[in-house]
Amino acid sequence: MNFPYRNTMKVRYSDTDPQGHMYFGNYLVFADEVVGEFWGELGMSFARLDKAPSLTFTVNANIDFLSECLGEDVIEVAVGFSRLGNTSAETVFELKNLRTGELAARGTFTHVFTDKVTRKSTPIPETFRAAIVVRQPELA
């Protein structure tokens with residue numbers, strides 16, 4: 001997949017477990033951080049929920065671990081969308097360890113868009129959908 005957004009994050013001591021490698025849950029944290037950056041770039045920032053057109057709930061997270069990351073490693077996180085539905089979207093991600101050059105993990109998040117008051121599913125905001133399609137025309 002051609003990922004439209006990438007950023008790097010450094011594995012901090014607090015990201016590791018007693019065995020010295022990155023705690024398994026932090027792979028998802030790293031992915032979620034970069035997904036949030038990408039969404040913000042597309043106009044869906046969660047810094048000001050009062051201005052957001054809707055909320056999103058992550059209803060599924062899936063990850064495959066491929067190789068370990070150690071403290072001080074720099075991880076490139078690549079993200080994009082693999083599917084746009086009416087009220088949900090699937091974000092795909094890969095984490096690459098720049099020290100080793102190996103893919104460390106890959107996975108997906110499924111997000112459901114919801115009305116801020118009723119918490120019921122609602123269509124993906126049109127401006128957000130349009131911004132996604134500009135970056136990933138194959139999803140049109």
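Start by selecting Lys-10 and Glu-72: Lys-10 forms a salt bridge with Glu-72, and the closest N and O atoms are 2.9 Å apart. Lys-10 is in strand 1 and Glu-72 in the loop between strand 2 and strand 3, so the pair links distant parts of the chain, 62 residues apart. A salt bridge here is a side-chain nitrogen of Lys or Arg within 4 Å of a carboxyl oxygen of Asp or Glu. Helices (H or I, at least four residues) and strands (E, at least two) are DSSP runs, numbered from the N terminus.

The model is predicted: local features need pLDDT of at least 70, side-chain atom pairs count only at pLDDT 80 or more, and totals for chains, interfaces and linings use all residues. Residues are numbered from 1 along each chain as its sequence is written, and side-chain values use heavy atoms, with hydrogens and water left out.

**Stay on Glu-72**

Is Glu-72 buried or exposed? Glu-72 is exposed, with a relative accessible area of 54%, while Lys-10 is partly exposed at 46%. Buried means under 20% relative accessible area, exposed over 50%, and partly exposed in between (1.4 Å probe, protein chains only). Look at the backbone of Glu-72 too: its phi is near 80°, a positive value in a residue other than glycine.

**Two further salt bridges**

By the rule above, the count comes to 5 salt bridges. Select Glu-76 and Arg-6, whose side chains meet in one of them (3.3 Å, N to O). Glu-76 lies in strand 3 and Arg-6 in strand 1, so this pair ties together parts that are 70 residues apart in sequence. Glu-76 is partly exposed at 21% relative accessibility, and Arg-6 is partly exposed at 42%.

Next select Glu-41 and Arg-135, which meet in a salt bridge through their side chains (2.3 Å, N to O). Glu-41 belongs to helix 1 and Arg-135 to helix 2, so the pair ties together parts that are 94 residues apart in sequence. Glu-41 is partly exposed, with a relative accessible area of 47%; Arg-135 counts as partly exposed at 31%.

**Along helix 1**

Select residues 24-41. At 1.5 Å a residue, the 18 residues of helix 1 should span 26 Å, and the end C-alpha atoms are 27 Å apart, which agrees. The expected span is 1.5 Å times one less than the number of residues.

Which residues of helix 1 are buried? They are Gly-25, Asn-26, Tyr-27, Phe-30, Ala-31, Val-34, Val-35, Phe-38 and Trp-39. An α-helix has 3.6 residues a turn, so residues three or four places apart point the same way. What covers the buried residues includes strand 1 (5-10), strand 3 (74-84) and helix 2 (126-135). Just after helix 1, Gly-43 takes a positive phi of about 100°.

**Loops**

Move to Tyr-23, in the loop between strand 1 and helix 1. Tyr-23 is partly exposed at 39% relative accessible area.

Asn-86 is in the loop between strand 3 and strand 4 and counts as exposed at 53% relative accessibility. What does Asn-86 touch, not counting residues up to four places away in sequence? Asn-86 touches Thr-122, Pro-123, Ile-124 and Arg-129, where contact means heavy atoms within 4.5 Å. The C-alpha atoms of Asn-86 and Arg-6 are separated by 26 Å.

Finish at Arg-119, in the loop between strand 5 and helix 2. Arg-119 has a positive phi of about 65° although it is not a glycine, and it is partly exposed at 46%.
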